[in-house]
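Subject: Structure handover

Hello,

Here is the structure I promised to pass on. Please open it first, then read my notes below.

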Amino acid sequence: MPSQKLLMLPMILALISSPAMAADNPGSHQHGHAELQLAFNGNQVDLLLISPAGNILGFEHRPRTEEEQQIADKAIGWLGETPLINTAELTCTVNGGTVQNEVANEHHHDHSDEAQHADIEVTQTLTCPGLDKSAALTTPLTTQFPRMEHLDVAWAGPDGQGATRLNHGEHSFRLER
């Protein structure tokens with residue numbers, strides 16, 4: 001019988017490859033929309049958030065003012081430290097993750113191309129005691145970032161898969177396992 005880790009491998013590989021596919025598909029960048037993908041294994045969750053930087057920062061260019069730099073620093077810090085999903089009992093903790101931010105990267109940016117699109121991608125590995133018994137989860141994303149009008153959430157795990165869409169201000173969703 002295959003181990004749980006081997007069963008999770010295809011889901012994790014799908015999560016890892018999604019940013020590359022999104023980068024090759026300029027139509028995937030929609031202001032107001034973001035995607036959250038979750039892979040469950042017992043009390044562990046691997047997640048990927050992909051969002052236009054404008055949803056999170058309010059702009060998609062390198063910070064030009066001290067205020068914009070503070071907005072970017074605060075948002076990037078929050079995304080790195082805050083569990084992007086949680087149980088009703090708030091038991092999830094961030095074990096590791098990354099925040100990839102095209103806006104604040106140190107590469108050359110041509111300010112003459114104001115139509116450029118920039119995304120923020122967040123990966124997190126969470127430990128959530130009691131997750132395997134939770135029927136509903138919450139996310140702070142749709143209340144933390146007012147420009148995020150729609151959050152498409154998709155999940156997969158040993159007990160099945162599902163998807164839903166949260167609108168601005170909606171913060172909980174039921175797992176259809």
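Arg-165 is partly exposed, because its relative accessibility is 40%. The cut-offs are these: buried means under 20% relative accessible area, exposed means over 50%, and partly exposed lies in between (1.4 Å probe, protein chains only).

Before going on, note that this is a predicted model: local features need pLDDT of at least 70, side-chain atom pairs count only at pLDDT 80 or more, and totals for chains, interfaces and linings use all residues. Residues are numbered from 1 along each chain as its sequence is written, and side-chain values use heavy atoms, with hydrogens and water left out.

The side chain of Arg-165 meets that of Asp-152 in a salt bridge, at 2.7 Å from N to O. Asp-152 lies in strand β7 (residues 150–157) and Arg-165 in strand β8 (residues 160–167), so the pair ties together parts that are 13 residues apart in sequence. Asp-152 is also partly exposed, at 28% relative accessibility. A salt bridge here is a side-chain nitrogen of Lys or Arg within 4 Å of a carboxyl oxygen of Asp or Glu.

The structure holds two salt bridges. Lys-133 and Asp-132 form one of them, at 3.8 Å from N to O. Lys-133 is exposed, with 71% relative accessibility. Asp-132 is partly exposed, at 42%.

**Around β7**

Strands and helices are DSSP runs, numbered from the N terminus: strands (E) have at least two residues, helices (H or I) at least four. Two strands pair if DSSP finds at least two bridges between them.

β7 and β8 run antiparallel and are joined by eight bridges. They form a hairpin, with two residues between them. In this pairing, Ala-156 stands opposite Gln-161 in β8. β7 also pairs with strand β1 (residues 33–41): the two run parallel, with seven bridges. There, Leu-38 stands opposite Trp-155 in β7.

**The disulfide**

Which cysteines form the disulfide? They are Cys-92 and Cys-128, with sulfur atoms 2.0 Å apart. The structure holds one such link; the cut-off is a pair of cysteine sulfur atoms within 2.5 Å. The link of Cys-92 and Cys-128 is right-handed, with 115° about the S-S bond. It connects distant parts of the chain, 36 residues apart. Cys-92 sits in the loop between β3 (86–87) and β4 (93–101). Cys-128 sits in the loop between β5 (119–127) and β6 (136–138).

Are the two cysteines buried or exposed? Cys-92 is buried, at 6% relative accessibility. Cys-128 is buried too, at 0%.

**A three-stranded sheet**

An open sheet of three strands has the order β3-β6-β9, with antiparallel pairing. β3 and β9 (172–174) stand at its edges, each with a single partner strand, so one side of each is left without a neighbour in the sheet. Three bridges join β6 to β9. Thr-138 stands opposite Ser-172 in β9.

**The chain overall**

The chain has four helices and nine strands. Along the sequence the pattern reads α-β-β-α-α-β-β-β-β-α-β-β-β. Of its 177 residues, 40% count as buried.

Contact means heavy atoms within 4.5 Å. Among contacts between residues at least 6 apart in sequence, 67% join residues at least 24 apart. The accessible surface comes to about 9,500 Å², and 53% of it belongs to carbon and sulfur atoms. Areas come from the Shrake-Rupley method with a 1.4 Å probe; for residues, only the protein chains shown count as cover.

Best wishes
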